[in-house]
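Here is a short note to read beside the coordinates. Please keep the sequence and the 3D view open while going through the points.

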Amino acid sequence: MSDWLLHPENWVFLVVGVAVAFSALRVVTSRNVVHAALYLVATLAGTAVLFLLLSAEFVAWVLVLVYIGAVIVLFLFGIMITRAPIGYDATLDNDRRGIAAVVSGALFLLMSWVSIDFFGSTALEDIGVPTSTELLGESILGRFVLPFEIVSFVLLAALIGGITVARKDATPLEAEERV
């Protein structure tokens, strides 16, 4: 542990990691959607800094260009152009927040335990040496193809669920009134 304290990059990693965790928590607890989007930008920027500290420049710049530069800006423009309600909306509040928080915390602990169990004894020897794009591609499509595909399915399910929740179908009475 004392050896860990001697390296300044560990302190930077700790500070940025705490800032990323705080802004990620504010993304899901903010009652204003614009504030949540701005906290998401901070979370993604901090994650890009963490990737830079791990010498994964390509992943860091892709994160900045694609997610911060495109997706979040598109999200903010979508909010502004559609004049969606950006303040607190009591109809969007849910009484089951506690259950969601417990399930989310349990999933976080499970994923942390699995990650530490799998990578806990692995020493990173090449920190400071840039990782080549070819090596990243081989790792993602080779060793890590199964987790990559699982994350893809989770994101697709989240996208379909979001569309389903956002789409408001007309009740039979409303459908009859339209005719």
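Is the crossing of α2 and α3 left-handed or right-handed? That is taken up in point 2, after an overview.

1. **Overall make-up.** This is a predicted model. The chain has eight helices and zero strands. Along the sequence the pattern reads α-α-α-α-α-α-α-α. Of the 179 residues in the chain, 12% are buried. The accessible surface comes to about 14,200 Å². Carbon and sulfur atoms account for 72% of that surface. Take the contacts between residues at least 6 apart in sequence: 61% of them join residues at least 24 apart.

2. **The α2/α3 pair.** The crossing of these two helices, α2 and α3, is left-handed. Helix α2 covers residues 8-29, and helix α3 covers residues 33-53. Two numbers describe a pair of packed helices: the angle between their axes and the distance between the axes. Here the angle is about 155°, and the axes lie 8 Å apart. Angles over 145 degrees count as roughly antiparallel, so α2 and α3 are roughly antiparallel to each other.

3. **Who makes the contact.** From α2 come V12, F13, V16, G17, V20, F22, S23, A24, R26 and V27. From α3 come A36, Y39, L40, A42, T43, G46, T47, V49, L50 and L53.

4. **V15, a residue of α2.** V15 lies in helix α2. Is V15 buried or exposed? V15 has a relative accessible area of 55%. The cut-off for exposed is over 50%, so V15 counts as exposed. V15 and G46 are 31 residues apart along the chain. Their C-alpha atoms are separated by 9.9 Å. G46 is one of the α3 residues in the contact with α2.

5. **S55, a backbone point to check.** Where does S55 lie? S55 sits in the loop between α3 and α4, the latter covering 57-82. Its phi is near 65°, a positive value in a residue other than glycine. Most residues other than glycine have a negative phi. S55 has a relative accessible area of 4%. Buried means under 20%, so S55 is buried.

Conventions
Residues are numbered from 1 along each chain as its sequence is written. This is a predicted model: local features need pLDDT of at least 70, side-chain atom pairs count only at pLDDT 80 or more; totals for chains, interfaces and linings use all residues. Side-chain values use heavy atoms; hydrogens and water are left out. Axes are lines fitted to C-alpha atoms, for helices over the stretch in contact, and angles run from 0 to 180 degrees between N-to-C directions. Helices (H or I, at least four residues) and strands (E, at least two) are DSSP runs, numbered from the N terminus. Angles under 35 degrees count as roughly parallel, over 145 as roughly antiparallel, 65 to 115 as roughly perpendicular and the rest as oblique. A crossing is left-handed if the near helix is turned anticlockwise from the far one by less than a right angle, and right-handed if clockwise. Contact means heavy atoms within 4.5 Å. Buried means under 20% relative accessible area, exposed over 50%, partly exposed in between (1.4 Å probe, protein chains only). Accessible areas come from the Shrake-Rupley method with a 1.4 Å probe; for residues, only the protein chains shown count as cover.
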